[in-house]
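This briefing is for a reader who is meeting the structure for the first time. Please look over the sequence and the model below before reading the points that follow.

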Amino acid sequence: MPPASRREDLVTLLLSTCLIGGALADGWAHTNVIETIEGFFTPWHGLLYAGFTGTAAWTFWVAYRRRAHAPRWWRDGWPAGYRVGALGVVVFAAAALADLTWHETLGVEVGLDASFSPSHLLLDGGALLLVTSPLRSWWHTGEGGLRTVTGVGAATLAAMTPTILLSHSSALLTTAPTRPLGPPAEQQAALLGVDAYLVTTVLLVVPFLLLHRRRAAPVAGTAVVAGVALFTLGMYEFPVSQTVAAVGAVGGAAVADGVLHRLDAVRGPAAALRLPLAGAVFTGLVWSGHLVGLALADGLRWTPEVATGTVTLSAIVGAVLGGLAARPAAPAPGTRPVVPAPAGAADDRGDRYP
């Protein structure tokens, strides 16, 4: 199939933004006006499902308009990156029916129940597959310019998508570092503070590495952190301390983008340990900026060991994720892979292997 055009990817990104905006509105409603929500049919769900309907219809139209190349367009007409998006439409639609049944029979979920509702988890998974079509399209073409913009935008939406279900473990909402440590509080600090940094590290670093894997994309890390911060804090109407800390995290991401872009210019995109180094630098600078923001807003009361150790541990997790994202090393020039011969086979010298 002809690949999706730049315009098609851009329209997909804009419609996907409406979908995620509807999810943010619904998350805000579940957080702030839960007492007014009585069932499935609410204005907030209306925004969410309007965004989904538009994105789903456009995704299928992208394939339908290629029916001249593939008469069975519903099977063969998908440009690169959009077949998985169509699967996301199916998953989301099935989850929507389940969510309707759940709301009308069991009521509206509150607090942690909303984060762990099976229908909400399936909705989130379907949305993730759907909104990332421009990212996969960008990977397929390998182009820059507007393709990079739509690819980075889609990855940012991908990072924002699970945020609504992870607010209970978000470092962007925690104020644990502003509370003093002591024997009764150490376990609470570990659960509410350190663990939140580790969970949020995975949420931020995975999409960043997917963007950074081939080459440094401008402002990729900044966009991912800013998008997740906007979604997370928007649900809670931008509390002051957490907002100041988030600004610090976005600033740290911007510094990381500059550092990693410079490292690529000096070391090259094929340098050894490039992705582990990128994961560590990105994570370390983001959480350093976040802790600086908390210190400016409320003052840090964690000990230096716990504060710096949290940043270090998160950076190690980022480096490990970078190692997992790296491609296997290519064989050295001139080497031949060793392929086992069929059982009992031997050459003239009696060797069993070529």
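In this predicted model, Arg 75 and Asp 76 form a salt bridge, with their closest N and O atoms 3.1 Å apart. A search of the whole structure finds 7 salt bridges.

- A salt bridge joins the side chains of Asp 264 and Arg 274, at 2.8 Å from N to O.
- This pair links distant parts of the chain: Asp 264 belongs to helix 11 (residues 240–267) and Arg 274 to helix 12 (residues 274–297), and the two are 10 residues apart.
- Asp 264 counts as buried because its relative accessibility is 14%.
- Arg 274, with a relative accessibility of 7%, counts as buried too.

- Asp 9 forms a salt bridge with Arg 147, and the closest N and O atoms are 2.6 Å apart.
- Here again distant parts of the chain are linked, since Asp 9 is in helix 1 (residues 6–32) and Arg 147 is in helix 8 (residues 146–160), 138 residues apart.
- Asp 9 has 0% relative accessibility, so this residue counts as buried.
- Arg 147 counts as buried as well, at 5% relative accessibility.
- Both residues are part of a network of salt bridges that links Arg 6, Asp 9, Glu 143 and Arg 147.

**The overall fold**

- The protein chain contains 13 helices and 0 strands.
- Read from the N terminus, the order of elements is therefore α-α-α-α-α-α-α-α-α-α-α-α-α, by the DSSP runs used to assign them.
- The protein chain has 354 residues, and 47% of them count as buried.
- Among the contacts in the protein chain with a separation of 6 or more, 78% come from residues 24 or more positions apart.

**A positive surface patch**

- Arg 213, Arg 214, Arg 215 and Arg 327 form a positive surface patch.
- One of these residues, Arg 215, lies in the loop between helix 9 (186–212) and helix 10 (220–235).

**Thr 222 in helix 10**

- Thr 222 is found in helix 10.
- Is Thr 222 buried or exposed? Thr 222 counts as buried, because its relative accessibility is 18% and the limit for buried residues is under 20%.
- Apart from neighbours within four places in sequence, Thr 222 is in contact with Val 250, Ala 253, Ala 254 and Asp 257.

Key: Residues numbered from 1 in each chain as written. Predicted model: local features only at pLDDT ≥ 70, side-chain atom pairs only at ≥ 80, totals over all residues. Heavy atoms only, no water. Helix = DSSP H or I, 4+ residues; strand = E, 2+ residues; numbered from the N terminus. Buried < 20%, exposed > 50% of the residue type's maximum accessible area, 1.4 Å probe, protein only. Contact = heavy atoms within 4.5 Å. Patch = residues over 30% accessible without salt bridge, like charges linked within 9 Å, V, L, I, M, F, W, Y side chains within 5 Å. Areas by Shrake-Rupley, 256 points an atom, 1.4 Å probe, with all protein chains shown as cover. Salt bridge = Lys/Arg side-chain N within 4 Å of Asp/Glu carboxyl O. Lys, Arg positive; Asp, Glu negative; His and termini not counted. Charge placed at Lys NZ, Arg CZ, Asp CG, Glu CD.
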